[in-house]
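Hi there,

Here is the structure I promised to pass on. Have a look at it, and then read my notes below.

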Amino acid sequence: MIDYWPLLGIALVVIGFALRFNPLLVVAVAAIVTGLLGHMSFLKVLATLGHGFNENRYVTIIWIILPVVGLLERYGLQEQARTLIAGIRGATAGRLLIVYLAVRQILSALGLTTVAGHPQTVRPLVAPMVVAAAEKQHGKLDEETTEHVKAMSAATDNVGLFFGEDIFLAIASILLIQGSLASFGIQLTPFQLSVWAIPSAICAFLIHGTRLLLLDRQLGRQK
Amino acid sequence: MINLHWLYVLAGAVFAGFALGSARDETNAKRWGNTLFWALLAVSFWFGDFFGDVGNGMLVLALVAIAGLNLIGRGSKQSTTPEQRQQSADRYGNKLFVPALIIPFTAFVGTMLFNYTPLKGLNLIDPKAVTLVLLGCGVIIALIVSYAWLRPPALAAVDEGSRLMNGVGWAAVLPQMLASLGVIFAAAGVGTTIGAIVGAIIPQGSVLLAVVLYALGMVVFTMIMGNAFAAFPVMAAAIGVPILIQADGGKAAVVGAVGMLSGFCGTLMTPMAANFNIVPAALLELKNQYGVIKVQVATAIPLLIANIIILYVAGFRL
């Protein structure tokens, strides 16, 4: 007999996110409800939550980069990123992001996943450059367009990372696939697996690249 | 050997700095809420290992209470005006990129040194922590270079770092919270339940349908859990191995690799993958906290279809 009750926690997360309650609150409530429905005592739920939080502190380390980024912004980093792009003829938002997509995919495929990222590169460099290029194409951007262009910068970083990293042999997800299949007696090398990440990586580049070209056409048309 | 604990000491110091910077910002009406929030995180980084699980659980509840009761705000303090920034940019020019690029450069050179030279054998850095240690080194070098070159006021890095950190706000700990939720989900048996449901609705006889269900299962479960890592072992056990590989004779490498990548399409579409989807929206100061997800859907869905085709053709027809 399958116990379906713990799934209620998932429903709580979906509803809470949809109604835009504070996500930290939603997650905490969902965790406690799921734990209680999974026949854990409140103290046990609290301990599991605390243990999980403590063990996963490394996820939050990335923010140590902010003092550097903030300091450089104080001295005009974003303005300089704009100036640089304004001086490059033929630089468009879409083309810039296509180059960034390719670079991000290749670096990730080489295992250099932390070389770029939202705090490291998107906020201080990529987003201001792309906004500056879009302004060149389009003139002054309205708020909606600025949001769209910035969101595309973040999206391009994600696509480049996700569909590049699995080509690298020693990435966690490849090792996880290898380990999971090995527990069923299926022995594969990381190389056999990572080769099959290449077709998807190419599709990701083509699909997202096409959207970036369309972004350029959109920006040009609204002028 | 340098391990994660060294980094936790550094991270604790930086978060203590964010607490200090928040306290110094009088333009933020809720500054003491921010101060307490970042101070609790500093405490967690420094002393989390001494609190015990229940103690850490209470720390989590305190963080959630501060965020949930809306006790965190952001100030409007501007250290320099846009005009001053433009002047400064004109003065320093492209050299401003140098400190910013020190961090990725350190990561790049460090990764090369520790993977492909004799340094690898010295065990200077715990292999599990290499990337984060290099990030920490990069940050320290970049800070030293910036201070030596630009000569900002002593607390400038603290104030500017807090300005950005308070812009992100509570979203900064959401990824870590979601990771803890994953631990609870696993302990309560959510994975096995979903695996059993999917396994029960699998159609007989149609390879294509089974492939579609496997890929969609990866997407949906990834969207629920926030990452494909939690979804993969469950979906592999429910459909991937028994149906696709063993019964239908699919290539194991394709089923494994492309199955995981189908899950990544789900990662693009869920707020549960907060560090990729919610955090950047905050970091880029978007009005819509789901703005990044909104633009990713139109890439994720065609890419999912492409992955299903790759799975079917390369796994079963080649």
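**What I found**

Chain A has 11 helices and zero strands, where helices (H or I, at least four residues) and strands (E, at least two) are DSSP runs numbered from the N terminus. Along the sequence, the pattern therefore reads α-α-α-α-α-α-α-α-α-α-α.

Before you go further: this is a predicted model, in which local features need pLDDT of at least 70, side-chain atom pairs count only at pLDDT 80 or more, and totals for chains, interfaces and linings use all residues. Residues are numbered from 1 along each chain as its sequence is written, while chains are lettered from A and ligands numbered from 1 in the order in which they are written.

On overall shape, the C-alpha trace of chain A spans about 65 × 45 × 35 Å along its principal axes. The radius of gyration of chain A is 22 Å, whereas a compact globule of 223 residues would have one near 17 Å (taken over C-alpha atoms; the globule rule is 2.2 Å times the number of residues to the power 0.38).

In chain A, 58% of the 223 residues are buried (20 or more other C-beta atoms within 10 Å of a residue's own, with C-beta atoms placed from the backbone).

One residue to look at is Ile171(A), in the loop between α8 (143–165) and α9 (172–182). Ile171(A) counts as buried because 20 other C-beta atoms lie within 10 Å. Leaving aside neighbours within four places in sequence, Ile171(A) is in contact with Gly111(A), Glu165(A) and Asp166(A) (C-beta atoms, placed from the backbone, within 7 Å). Gly111(A) is 60 residues from Ile171(A) in sequence, yet their C-alpha atoms are 7.0 Å apart.

Best wishes

Methods:
A residue is buried if 20 or more other C-beta atoms lie within 10 Å of its own, exposed if 12 or fewer, and partly exposed in between; C-beta atoms are placed from the backbone. Two residues are in contact if their C-beta atoms, placed from the backbone, lie within 7 Å.
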